[in-house]
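Thanks, everyone; I would like to take a few minutes on this model. Please have the sequence and the structure in view while I talk.

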Number of protein chains: 4
Amino acid sequence: MWLRASCDLTFEISVPTPFILMLRPRSGAQQWISREEYRLEPSIPVYEFTDDYGNLCQRLVSPPGLFSIHTVADVMTADYVDQAPGAPFVPVQNLPDGVLSYLLPSRYCESEQFNQMAGEITAGYALGYDQVTAITEWLRTHIRYEPGSSDVPISAVDTNLRQVGVCRDLAHLGIALCRSLSIPARLVVGYLHGLQPMDLHAWFEAYVGDRWYTFDATQSELTAGYVAIGYGRDAADVAVYNQFGPSVYPVNQYVQVQRIQ
Amino acid sequence: MWLRASCDLTFEISVPTPFILMLRPRSGAQQWISREEYRLEPSIPVYEFTDDYGNLCQRLVSPPGLFSIHTVADVMTADYVDQAPGAPFVPVQNLPDGVLSYLLPSRYCESEQFNQMAGEITAGYALGYDQVTAITEWLRTHIRYEPGSSDVPISAVDTNLRQVGVCRDLAHLGIALCRSLSIPARLVVGYLHGLQPMDLHAWFEAYVGDRWYTFDATQSELTAGYVAIGYGRDAADVAVYNQFGPSVYPVNQYVQVQRIQ
Amino acid sequence: MWLRASCDLTFEISVPTPFILMLRPRSGAQQWISREEYRLEPSIPVYEFTDDYGNLCQRLVSPPGLFSIHTVADVMTADYVDQAPGAPFVPVQNLPDGVLSYLLPSRYCESEQFNQMAGEITAGYALGYDQVTAITEWLRTHIRYEPGSSDVPISAVDTNLRQVGVCRDLAHLGIALCRSLSIPARLVVGYLHGLQPMDLHAWFEAYVGDRWYTFDATQSELTAGYVAIGYGRDAADVAVYNQFGPSVYPVNQYVQVQRIQ
Amino acid sequence: MWLRASCDLTFEISVPTPFILMLRPRSGAQQWISREEYRLEPSIPVYEFTDDYGNLCQRLVSPPGLFSIHTVADVMTADYVDQAPGAPFVPVQNLPDGVLSYLLPSRYCESEQFNQMAGEITAGYALGYDQVTAITEWLRTHIRYEPGSSDVPISAVDTNLRQVGVCRDLAHLGIALCRSLSIPARLVVGYLHGLQPMDLHAWFEAYVGDRWYTFDATQSELTAGYVAIGYGRDAADVAVYNQFGPSVYPVNQYVQVQRIQ
């Protein structure tokens with residue numbers, strides 16, 4: 001499936017503000033970027049680096065005034081999302097070194113708080129993929145998915161109390177539950193074709209059966225059309241933009257994902 | 001200054017338990033390990049890897065029964081700890097790429113909650129090293145250092161409420177306050193010669209004046225004798241031991257740091 | 001300066017052939033990629049990874065038949081190339097860890113063979129940048145630059161004997177001479193606006209005065225318009241394409257670099 | 001099997017000389033270092049870093065006069081070396097990213113020169129492990145192993161001409177032959193219990209059947225007792241010591257490997 005995904009962001013900046021952006025999707029095992037555009041207005045110096053998770057990040061200092069970012073990517077993604085009911089739990093001692101850090105608690109995923117709850121939710125399920133399916137199903141029925149219900153990231157503990165959240169909040173809770181069962185889990189930020197309402201999206205991946213699998217509690221079923229922009233332990237690592245100094249929010253954020261070809 | 005630092009840990013294990021240990025100090029810019037010992041009883045297979053922060057970590061599965069770890073290191077450290085009153089704040093855009101992740105909130109350092117408080121504590125101080133000194137001084141006078149007061153890591157927000165903590169808790173709060181001022185900060189776990197009561201120790205480092213500097217709110221002044229074992233964003237990354245499965249605590253933990261030569 | 005650089009390659013493949021390509025320039029300190037295209041015909045699965053030098057590499061298996069690659073990049077580069085006559089030699093003990101491997105001999109740069117010759121060429125020059133200038137000047141006057149004179153990489157020793165070479169050969173000899181003086185040096189492959197005849201290009205960088213500087217013995221002076229695609233120790237690391245199995249050469253290779261805006 | 005391996009090196013230094021040493025074996029999948037010593041005389045500042053291959057390297061500047069290094073390691077190694085006749089060739093497209101660079105030619109392994117010869121040596125053997133066995137057997141019968149026959153590294157092409165070499169030379173030729181068959185291969189430097197005459201040793205590893213296997217053409221059979229100090233593409237990467245400035249050779253080099261426990 002070929003998709004064209006675009007994101008336009010505009011900020012109103014009052015003082016020169018350092019930004020770290022993460023809006024350039026990478027070609028990887030799951031997707032191939034055949035064309036890409038990344039324009040800034042005004043056109044200012046940018047420096048790109050690769051973070052610890054392999055994400056391409058852009059550093060710049062925005063001058064005061066309107067500052068806008070326009071990105072487009074043409075992406076080939078698989079026609080279906082891999083699923084593997086029954087894929088086994090990987091014992092900690094057999095996990096690859098690079099996956100171990102996704103077992104640890106992180107800013108928005110206080111996994112050490114969820115041992116008992118995760119045990120209850122997954123009771124009776126086979127260890128591994130099926131536990132993560134049980135968690136995702138539980139999220140679907142217990143946490144109301146309400147786009148726009150939170151501005152800033154909410155931690156898993158808080159989302160569990162509120163019982164409502166945006167895509168990122170549901171993902172954080174799913175991640176915390178997985179990790180409390182010693183299943184590595186990570187946040188993915190990106191695009192989803194057909195998302196309603198269209199916006200940037202977040203979901204999570206769990207490591208079972210010797211690879212990462214996609215899970216998304218905000219959708220009733222896993223359809224094709226995911227385009228990953230960034231990976232990390234949680235939203236602290238994977239922010240589409242981080243700015244330093246006075247808070248700024250986009251005065252305009254416009255996202256589109258179309259099928260091409 | 002030559003030090004011999006040793007740590008003996010014994011666990012009572014009920015079921016085979018995967019462990020990740022971090023008890024092998026590395027030679028680096030600040031210390032040189034000239035002799036080292038790392039013994040396990042029973043003698044079981046161990047696999048060592050380097051984590052994202054450069055720490056040497058040991059993976060193993062402990063069999064049921066008593067499991068003990070005995071480590072000794074002879075270390076040359078500097079005769080004084082570098083201090084640099086007046087060292088300037090490094091604007092975010094000038095920080096090395098590898099330092100940026102130490103600006104982000106993490107599990108036990110909810111830095112995004114401390115903007116106002118950090119501003120008040122450091123009001124009137126020069127940007128950079130002197131702000132961190134003000135934070136350390138504030139911790140000394142406002143948070144009671146009480147070894148043994150908490151078993152598990154407490155986050156910066158909680159430590160600030162309780163006004164009491166162990167070394168790690170004070171370090172977490174110091175780190176959160178620094179990051180909220182856009183000063184990169186990280187946790188260090190290791191040994192301190194002369195610590196009362198002797199035990200493993202934790203302190204923090206802040207990045208100002210183009211390098212990392214040591215800060216320790218648990219001591220009235222910075223004396224020599226620090227030996228670093230591990231670095232990370234907070235205690236989630238830098239755990240002397242992480243075990244997976246039923247919780248275990250050391251039935252014996254014995255730490256010694258002596259001057260040699 | 002904004003440039004549009006494109007490269008079209010076509011191969012005639014007899015048996016399924018694994019390729020590793022390196023044709024996606026990265027945004028970095030010296031250049032910003034604002035738009036990019038990367039098309040393959042036929043459209044086959046591609047997997048991208050980052051090599052040890054930070055280059056983006058594409059892995060694929062070409063089916064038999066015609067296989068073509070079409071890449072375009074819109075790049076902002078500096079309006080002039082940084083030069084720093086007098087920039088000092090960096091003593092080995094002060095070099096960053098990551099730069100040390102560029103001191104070692106490599107496949108096409110047998111630097112351990114050039115100690116005496118490098119000493120003679122640079123006699124009387126200040127240590128550092130000026131030595132590299134002397135080497136570049138010596139290459140210009142002693143090794144005839146003849147595009148098309150070699151198909152496969154020739155080592156520095158051989159180029160020195162033949163006294164003629166393509167851009168890559170001159171760069172290899174320049175690198176070997178630098179390293180023999182304990183100056184780190186690396187190969188860069190990419191585009192040069194205005195190159196005659198137009199083709200992919202290669203030049204070298206030397207590390208003096210605490211950063212990498214560009215040198216190019218094939219041009220009478222350093223003009224703006226360099227676009228880097230890949231970096232490495234020599235052509236063994238930085239190949240625009242590496243194929244495994246029977247040798248293949250492009251039946252068509254078409255490169256263009258135009259000024260835009 | 002528990003071994004105690006020690007190496008004493010003494011140099012006579014005329015001018016202050018920067019060194020990069022590689023004499024600290026790492027605990028890894030194949031070996032566990034339980035005790036270790038690393039002493040320098042005179043006792044000078046040392047800085048340790050991890051190179052691109054995961055080796056621990058020590059940087060220092062030796063003052064003029066006698067400079068000596070004394071290292072000891074107590075190591076647990078397997079009681080036998082894994083062998084896997086029949087282990088299959090891994091097609092290039094299935095190799096892990098991190099292994100690909102071991103397919104490329106390097107300073108002392110001009111693998112692109114050996115296509116025909118490697119084909120002849122391995123004709124009739126199953127692809128993979130058995131090809132490497134054929135290469136090792138060929139080395140045993142065609143290249144005379146003569147400790148002390150070369151001081152500086154000799155490349156694979158030269159060793160093939162001379163038909164005689166030290167352990168490192170045989171390893172280089174073995175590596176070049178493997179790579180020319182698209183089998184990743186790397187050099188290992190370390191200790192071998194029972195080596196005659198005792199000295200530091202070098203052998204090679206080839207990647208077949210989805211992991212690295214040990215090969216050593218200098219021994220009539222693979223016995224246990226290998227302790228790895230460093231890994232790399234060839235001797236340019238894995239030098240027990242690299243010094244910069246006037247050449248120096250050890251005035252004393254004393255190596256011991258004893259069985260303990």
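Let me begin with C:Arg39, which is partly exposed at a relative accessible area of 38%, where buried means under 20% relative accessible area, exposed means over 50%, and partly exposed lies in between (1.4 Å probe, protein chains only). C:Arg39 forms a salt bridge with C:Glu37, with 2.8 Å between the closest N and O atoms, and a salt bridge here is a side-chain nitrogen of Lys or Arg within 4 Å of a carboxyl oxygen of Asp or Glu. C:Glu37, for its part, counts as buried at 14% relative accessibility. In chain A, salt bridges that share partners bring A:Arg4, A:Arg35, A:Glu37, A:Arg39 and A:Asp74 into one network.

Before going further, a word on the basis: this is a predicted model, in which local features need pLDDT of at least 70 and side-chain atom pairs count only at pLDDT 80 or more, while totals for chains, interfaces and linings use all residues. Residues are numbered from 1 along each chain as its sequence is written, chains are lettered from A and ligands numbered from 1 in the order in which they are written, and side-chain values use heavy atoms, with hydrogens and water left out.

Staying with charged pairs, the structure holds 52 salt bridges over all chains. One of them is between the side chains of B:Arg59 and A:Asp97, at 2.8 Å from N to O; B:Arg59 lies in strand 5 (residues 56–62) of chain B and A:Asp97 in the loop between strand 6 (65–77) and helix 1 (115–121) of chain A, so this pair joins two chains. Helices (H or I, at least four residues) and strands (E, at least two) are DSSP runs, numbered from the N terminus. B:Arg59 is buried at 8% relative accessibility, whereas A:Asp97 is partly exposed at 25%.

Within chain C, the side chains of C:Asp74 and C:Arg4 meet in a salt bridge of 2.7 Å, N to O. That pair links distant parts of the chain, 70 residues apart, with C:Asp74 in strand 6 (residues 65–77) and C:Arg4 in strand 1 (residues 2–13) of chain C.

Now to the interface of chain D and chain B: how many salt bridges are there between chain D and chain B? The count is zero, although nine residue pairs are in polar contact, both residues being at pLDDT 80 or more. A polar contact is a pair of N or O atoms within 3.5 Å; within protein, one must be able to donate a hydrogen and the other to accept it, and residues adjacent in sequence count only if both atoms are side-chain atoms. Strand 3 (31–41), strand 4 (47–50) and strand 5 (56–62) of chain D are the elements that give two or more residues to the side of chain D that touches chain B, and strand 3 of chain D gives the most, with seven residues.

Finally, two backbone details. A cis peptide bond, with omega about 0°, joins C:Glu41 and C:Pro42, and C:Pro42 sits in the loop between strand 3 (31–41) and strand 4 (47–50) of chain C. D:Asp210, although not a glycine, has a positive phi of about 70°, and D:Asp210 counts as exposed at 56% relative accessibility.
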